[in-house]
Amino acid sequence: MKQALFIVLILDVFFVSGQKKCTLKLESTTSNLQSTGIVELSVTNAGNKKVKINKDFSPYRMQLIKITESSPNVGNKINYTADVDCFKDCIKSTVRLKPGQTFTYTIPVKETIQYTQLLNEHTYSFHLFFDLIDLTSENCSVYGLKDDEIIYRKVNHE
């Protein structure tokens, strides 16, 4: 009887400790993109344990993909993506998110790799791709990003 109780307690410890999951919910906001040139990426800890995430998100990790010119050269496509590697310790300073806590990155679109390919005063449609490889060193499941088409007219954002 004591052995059976001991085995049940051991299994219970493994089961309870195995329940702590790292889950991150990501949402991007482009509502102020045209006026400010900023994309916001919000990371919410949807799991039940604290998670360390990178304090900074490099604009090179956000890429504009499926770029199509809407005006004046309708249909002109720009296929320019890059594989950005990190050669040093990519996760330098971190922020610890408690369960339910949110951290928001502000990413200037003018600092992305593809921005230089866009012409001033031209309108483009594109999708955003976030390279999340350096977001956290923990093995987290990630959900919530939508693949929405964005319409943007390139202007100077000072």
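Mentor: Buried means under 20% relative accessible area, exposed means over 50%, and partly exposed is in between. Keep in mind that this is a predicted model.

Trainee: How does Lys 52 count on that scale: buried, partly exposed or exposed?

Mentor: Lys 52 counts as partly exposed, because its relative accessibility is 37%. This residue is found in strand 3, residues 51–54.

Trainee: Now disulfides. How many does the structure hold?

Mentor: A pair of cysteine sulfur atoms within 2.5 Å is taken as a disulfide. The structure holds one: Cys 22 is joined to Cys 140, with an S to S distance of 1.6 Å. The angle about the S-S bond is 55°, and the link of Cys 22 and Cys 140 is right-handed.

Trainee: Which parts does the pair tie together?

Mentor: Cys 22 lies in the loop between helix 1 (2–18) and strand 1 (23–29), and Cys 140 in the loop between strand 8 (123–130) and strand 9 (141–143), so the pair ties together parts 118 residues apart in sequence.

Trainee: Are Cys 22 and Cys 140 buried or exposed?

Mentor: Both Cys 22 and Cys 140 are buried.

Trainee: And where is Thr 23 found?

Mentor: Thr 23 is found in strand 1. With a relative accessible area of 16%, Thr 23 is buried.

Definitions and conventions
Residues are numbered from 1 along each chain as its sequence is written. This is a predicted model: local features need pLDDT of at least 70, side-chain atom pairs count only at pLDDT 80 or more; totals for chains, interfaces and linings use all residues. Side-chain values use heavy atoms; hydrogens and water are left out. Helices (H or I, at least four residues) and strands (E, at least two) are DSSP runs, numbered from the N terminus. Buried means under 20% relative accessible area, exposed over 50%, partly exposed in between (1.4 Å probe, protein chains only).
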